[in-house]
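Open the model and keep the sequence beside it.

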Amino acid sequence: MVSEISGISSAWFTTPGAIAMGAAVAMGLSALATAWSQASVGSSSMGLVSERPEMVGNVLIWMAIPELLAVLGFLIAVLLVMKV
Amino acid sequence: MGLWPEKMVKVRIYATRGISIELTQFLHKAGLLHLEEVKPKDAWEKATPFKFFDELSPLLLLFRNALPKIKNACHAREADKERDGKSTKEEESEEGQRESGKLEKLRVILEKAHGIEQDVEGVLSIIVSNVEQLETEKAAVEKEIEELSKVVNAGLDYKRLPSSVEAYVVKVKEGARIVKDENDGGKEEEMKEGKGKDGKGSVIHLKEAVAVEALKGKEGKGAYLVVFRRGQEGQVAKATQTSEFNKLGELAEWMVKLPEESPKGLLQESNKRLEEIKGELDKLKEKLKTECKKMKDLPLLIEQLEIYESEALAARQFARSSYTYIIEGWMPKKMLKSFEAELKKLFRNAVLVEVLKESTLEEKYEKIKDPADIPPTHIDDPKPVEPFEIGYMFSSLPRGNELNAALFYALTFPFIYGMIIGDVGYSIISLFIASFLKKKFPKSKSIRQISDVWIIASIGGMLWGIIFDEWLGASHFVFLKKLASLLSSIGIHITGPLYHGFHRTETFTILLLLSGLVGALHITLGQLLGAYTAFKEGHKKHMYAKLGWASATIGFTLLIAIYLGAFTGFAASVVSGAGWLLFIVGAGAIVWLEGFVGVVELPSIISNTASYFRIAAVGVSGVILAEIINRYTMPSFGAAGGGLVGVVVGLVMTAIYLSLHSVNTLIAMFESAVQGGRLHILEFAMKFIQGGGKVYKPFALPLMLKKR
């Protein structure tokens, strides 16, 4: 479908360059998304910790939550590179 | 084993007023009772602090305020060392001397405190009224000397300035110049910040400021300027506030106001005064030295008084009637009998214990209206499990009727942490790092706990490292080959790897599925524990819902396994049937019991399980980093044809290699702990713990609390 619209041969999508680009996009975008969400979680968390230092433990866990996006991005990137 | 938090009982103790203080001292020493405020009712009124508090409080106030100043003045580091050097045994014996039931000891301490009171006030007056004042004066004189020295050392001829002017001596930074002025042959020049006439240095416009005269210093380096206005001192003050004058400050290395009197004379006077101050200070410090010796016991005295202070203040939580004191609090049920026996032995019939309430697993916490009726959570874990209680710091303490999650963390955390780190070398390095941290920060409870967790979990890392055949990111065969010549000299010949591991970068898909399987099993365990808790609480609906989730998760996992071809033939059809059955029954139960919310939440089976893919992802990212380190820094002693150069290069390479792997280990330790912890708290423990438990804080002596 995409190849019909863009005029690019479907074989192009399986070339090493295209796969590498796909992996880079998967990893890069998911890392950006993680960074974006962690920035807001982080700044709010620091505010909370300055008021209530005993909450630092809880905050660490909440900070780690957006990392799932990067983890999944990494998985897709690895699977693409390994041509699974 | 502490599968559940300790059973607690709420007791009410009635005691005759005559023994109230002795009883409070006994409770303090016993360190068992989590005090609750007794509500005044009928003939009961709220009790007030014991009377000795009135005598003790002003002393403590004085001592507490004086201690930091005395510590500072008397070089208390030495006193601290002396105090720290005191063994725990000595401290225990000191506490042992506090005979319960008698106030003689308090009387002795108070007399000692009154005796030292005058000395403390004397030392304070020396420090505050003399030493501190002299120190302040000394600092001011030293600053004055510094400024005057600058003015004198500038080597300018100040005599030619009229005595009535206010002037500033400015040392201009190299390259900066001031071009001016109205007195300069009467020629008015327009001056702006920028390049000077000769194109060198900055030029500053001092239009508002009066007359400026540039004088060259003795040394001829830089320009010393005297800025002044003849007469009209008020205008000078105004001029110094202008932006141009401030800019002069920016261009200047320093700027000092020229004193009206001769700077040289003033400098001599200041130096003399400084010597006098130093002499007076030395005398005072000598005097202070003798006084300080009397202050040696002050910190210990404060500690002793604080014990009595907390006992006196504890009475605020009691109630009293004309003849009795009433005390209420929670304590572990298993200690009740010995507690009662001890009370009987010490106070005979003057004390009566009544059990008000007992914590049960069926307790409906949300229905308890009075916070004092909520049993505190007291977890008594075996020693190897204790470090895993750190999990409660990251989430919430379980209620008294919820399972002790730390026990399960101790079982599953090393497994999952080990699977993420999955390297024998890294696990050994992490063992050393954790042991070092534990030794380095012995007083920090949280660092000690997390270090213990790392130490225990490193065993899991080693086991998984053997399975994955990862030894600092490489196969064991790589190292065997390096040691081949050494091993052959003792008769061991290496011909191939000892075994073939399950290297993570080569079998990533399998690792991914394994992570998912571990996740499904972990989540299911959480759901089953949740069902068990609900059963114990008597929440049947919750129990069935939890079982439904467990069934749906197992069913879903079996169906995925079938889809991936994990089973073939007859086994496949049996497993497939079982999978569909479990999934349909489970999903049906969820929808039936939880309604629309259940339908919406059903896909969370996938997302929760997918969350465990991080085990594979984080682990593999660590392996990739390790492989990069190996590729570029693997030590080799055969460089430059071997010999001494080869050995030196090899040693340097080894140092770099180990340093980089240590850094990677640190990252792996942190990531594995955070990601493993997250999986345990959010994906696992939240299935069976609601949290919000009340912390058990018994009324105990500080040393006992420290030991806890």
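Why does B:Ile429 count as buried? It has 22 C-beta neighbours inside 10 Å, so it passes the test. A residue is buried if 20 or more other C-beta atoms lie within 10 Å of its own, exposed if 12 or fewer, and partly exposed in between, with C-beta atoms placed from the backbone.

A word on ground rules. This is a predicted model, where local features need pLDDT of at least 70, side-chain atom pairs count only at pLDDT 80 or more, and totals for chains, interfaces and linings use all residues. Residues are numbered from 1 along each chain as its sequence is written, while chains are lettered from A and ligands numbered from 1 in the order in which they are written.

Back to B:Ile429. Its place is in helix H13 of chain B. Helices (H or I, at least four residues) and strands (E, at least two) are DSSP runs, numbered from the N terminus. Leaving out residues up to four places away in sequence, B:Ile429 touches B:His661, B:Ser662 and B:Thr665. Two residues are in contact if their C-beta atoms, placed from the backbone, lie within 7 Å. Now find B:Leu666. It is 237 residues from B:Ile429 along the chain, yet their C-alpha atoms are separated by 8.8 Å.

Take the contacts in chain B between residues at least 6 apart in sequence: 80% of them join residues at least 24 apart.

Next, the cores. A nonpolar core is a set of buried Ala, Val, Leu, Ile, Met, Phe, Trp, Tyr and Cys residues joined through C-beta atoms within 7 Å. The largest one has 64 residues. Those with the most contacts inside it include A:Val71, B:Phe388 and B:Ala616. Helix H4 (67–81) of chain A gives two or more residues to this core, and so do several helices of chain B, among them H13 and H21. H12(B) gives the largest share, 11 residues. Another core, of 48 residues, lies apart from it, with B:Leu56 and B:Ile70 among its members.

Look at where the chains meet. The contact takes 16 residues from chain B and 12 residues from chain A. On the side of chain B that touches chain A, H21(B) gives the most, with 6 residues.

Now turn to the strands. Two strands pair if DSSP finds at least two bridges between them. Strand S1 (residues 8–16) of chain B runs antiparallel to strand S12 (residues 324–332) of chain B, joined by 9 bridges. There, B:Tyr14 stands opposite B:Ile326. S1(B) also runs antiparallel to strand S13 (residues 351–358) of chain B, with 7 bridges. In S13(B), B:Glu354 is the bridge partner of B:Arg12.

Finish in the loops. Most residues other than glycine have a negative phi, and most peptide bonds are trans. B:Arg348 has a positive phi, near 50°. It lies in the loop between helix H10 (336–347) and S13 of chain B. B:Asp469 also has a positive phi, near 55°. Its loop runs between H14 and helix H15 (476–482) of chain B. Which of these is buried and which exposed? B:Arg348 is exposed, because 9 other C-beta atoms lie within 10 Å. B:Asp469 is buried, because it has 22.
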